[in-house]
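Morning, everyone. Let me put the sequence and the structure up, and then I'll talk you through them.

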Amino acid sequence: MTGSILFDAIVFLAGAIICVSIAKRLGLSSVLGYLMAGVLIGPYVLGFIGEEGQDILHFAEFGVVVMLFLIGLEIEPKNFWSMRKTIMGMGGVQVLGTMILSFILFTLLGFEWKVALVISMAVALSSTAIAMQTIKEKGLMETTFGTSAFSILLFQDIIVIFMLGAIPLLSNADVTSAENNTGDGNLLDGLPLGFQTLAIILSVVVIIVAGKYLIVPMLRRVAKTGVRELLIASALLIVFSISFLMEYVGLSPALGAFLGGVVLSNSEFKHELESTLEPFKNLLLGLFFIAVGASINFIVIAKSPLTIGGILVAVILIKGIILFVTGHLFKLKLDQKLLLTFGLAQIGEFAFVLLSFAFDLNILNQEQMDIMLVITALTMSITPIVSIINERFLLPKIGTKESIKRPMDHIAKSQKVILVGFGHFGSTVGRFLRSHGIEATILDQDSNRVDFLRKMGFEVYYGDATRIDLLESAGIAEAKILICAIDNPSVTKSVVKLVKEKYPHVELMIRAKNRYDAYDLLNMGIENIYRETLDTSLSLAKDVLSKLGFRKYTLTRQVQNFIKYDEESLRRLAAEPKKDDNYIFKARKELEEQEKLLDADFKRGVVEYDNHWDSEHIRKLLENSKKL
C-alpha cells in the first residue's frame, strides 16, 4: 500500500497477532487464524497486500523448507528403515489411489492426459505444514492417527522428488527449451530430458555427500569457537545453500532441505540445529499460512464459481475416500480413520511447486494454472474448519477414543533419560546405564569430546543444556529423569532452575562438586544430590582400613552409615550462612555426633553381628594365634 517494507511488516505482524489470538480464544487452530489474516490483509479484501502477494508466497515457502529440514533431522536412517512398511504401505496406497481417481476425474472433465496426470500428482499431496502443525498443537503425535499421518506425509515428501523428475518427460523438449531459455531460468533449461533427470539425481547425491564430508566438519570447527551466533549462521547457511542448489536445478528447495536433514540426523549437532532453527520455522510458517490466505484469487473464483466449487468438492471427496480406505486397510479404529480423513484431505504446499514447474514447461496453460492454484489454496484454508466440524460433531457421536499410546521407537528422537555432561563422571554413569539396557540422550558442550566419543560408539550430541529449547528438542517433555553430570556449578544451577520451572515432572539427579555446592542445590529443592568426591574418598578410606586388618563387611556397613549420617547433617546445615560463626559451631557439633554414632555402630557390629564375608577366615587366624 505504501511500498515500505516496515509498513508491510507491521501489517503482517498485526494481522497475525489479532487473528491468531481470536482463533485461539475461540478454541480454533492457529493455522486458521493465519489463513484468515492473509485473506483479510490480501488484495481482495482490505488490500494491504497488492500484486506482491505471490512474491510473498514464494518467500514464505522458506518456512516449509526449514520445516522439512527439521523433519529430516528427526528421521534417522535406521529408524526410517524400521518404518519402511508403514511409510511405503500407507503412503503408497494413499498417493497411488488418489492419483488414479483424480486422473479419471480430470480426464472426464476434458483435460488432456498430460495435464490430468500432472494435476493428479499435485492433488495426491497433502499439506505437511498444516497437518504437522495441527497434530503437534493438539498433542496427537503419539496417537495412531499421528503416526499414520506422519508416515503418509513422509512418503509424499519423498515421492515429490520422483514427480519433479518425471514432469519434464511430459513436456515438449523443443518448445520448452525455446520458450524458457530467457537467461534467468535454472540449470535444467535447454538441456535434453535425459540430462535433466541426471542433474536431479546428481543434486541429491551432492547433498548426501556434502552432509557427511563438508557440513559436519564445518560445524565442528564452528563449535570449537564457542560463539553461538556462528552456529546460528551456520545452520541458516546450510538450509540456504541446499535450497539454492535444488532451486538451481529446478527442483523443490524443501525436498533438498529434507534430504539434508536426514543426512545430518545422525550427527552430534542434531539437537543444536533443531533448537536453533525452531524459532525461524515457526515464524516463517506463520508467514507462509498468511501468504496462502492472501493468494486466494477471488477474481478467478468469480469467473468460474461452479467449476471451481465442483472441482474443490470432488477433490476433497476423492482424497477423503482414499484416506478412509487406507485407514481401514491398515486396521485403524473409526475415530482415527476420521481424523486421518479430515486432517489430510487438502492439497499441499508442494502442489504450488509442481504446478508452477509444469506451467514453466508449458504443460499447463494460464487458465488451468490459475484454477488449480485457487483450489489448492482453498483446500488448505478450509481444512481447519472441516477438522473442527469432525471434532465437534462427528467424533463425539461415535465416541472419541483416548490417545493410543504405543512404543514409538521408529520415530522417537529422545529417551526417558537425558544425561547432561559426558566427561569422566558422566561417561561412567552412561556406560553403566547402557550395560543394563538403558539408553540415554546425551548432551555435551565440548565439541572435541563429542567427536571423540561418537567415534567410540556413543550417541552424544553437541549443545548447551542451559538453553531450554535445546532440552526440548532433546525430548525433555517426555523424559522421566535428567542426570546433570557436568562439573561447572553455575551451569548446573542454571539447568536445574530451567527444568524445575518448565518441566517439574522430570526427576533431577545432580552431580555436586563438594559439600558447599550440595548446600546450594538442597536450597533449590533438589533431593537427589551426588557429591563427586564422597563415594571415592570413602572407598579409598575403606581400602586403607582393610589393608590394616579391618573386616570388609564391617567397613562396607560403616561406609553406608557414614553416608547416611553425613547426608542427614548436610540437610540440617544447608540453610545456615556458611561464613557465620554459628555455622562453624554447629558443623563441629555435627562432626562430633557423627563420630560418636559411627564408633557405637562399629563396636556393636564387631561384637554382635559381624559374621559375614571374611570374618570366618579372620576367626581361624585368631583361634590359631590363641593356640600358639
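I'll cover confidence, then a salt bridge, then a threonine.

This is a predicted model: local features need pLDDT of at least 70, side-chain atom pairs count only at pLDDT 80 or more, and totals for chains, interfaces and linings use all residues. Residues are numbered from 1 along each chain as its sequence is written, and side-chain values use heavy atoms, with hydrogens and water left out.

Confidence. pLDDT is the predictor's confidence in each residue, from 0 to 100. The protein averages 77. At least 70 is reached by 81% of the residues. Helices are DSSP runs (H or I, at least four residues), numbered from the N terminus. Of the elements, helix 7 (residues 113–124) has the highest mean pLDDT, 92. The lowest, 43, belongs to helix 10 (residues 173–180). Over residues 173–184, pLDDT stays under 50. The model gives that stretch 11 contacts (heavy atoms within 4.5 Å) beyond four places in sequence.

Next, the salt bridge: a side-chain nitrogen of Lys or Arg within 4 Å of a carboxyl oxygen of Asp or Glu. The count is one. Aspartate 520 pairs with lysine 493, closest N and O atoms 2.9 Å apart. Aspartate 520 sits in helix 24 (residues 515–523), lysine 493 in helix 23 (residues 489–502), 27 residues apart.

Buried or exposed: what is threonine 326? Buried means under 20% relative accessible area, exposed over 50%, partly exposed in between (1.4 Å probe, protein chains only). Threonine 326 comes out at 0%, so it is buried. Helix 16 (residues 305–329) holds threonine 326. A polar atom of its side chain lies 2.7 Å from the backbone oxygen of isoleucine 322. Leaving out residues up to four places away in sequence, threonine 326 touches Met90, Val93 and Gln94.

Methods. Helices (H or I, at least four residues) and strands (E, at least two) are DSSP runs, numbered from the N terminus. A polar contact is a pair of N or O atoms within 3.5 Å; within protein, one must be able to donate a hydrogen and the other to accept it, and residues adjacent in sequence count only if both atoms are side-chain atoms.
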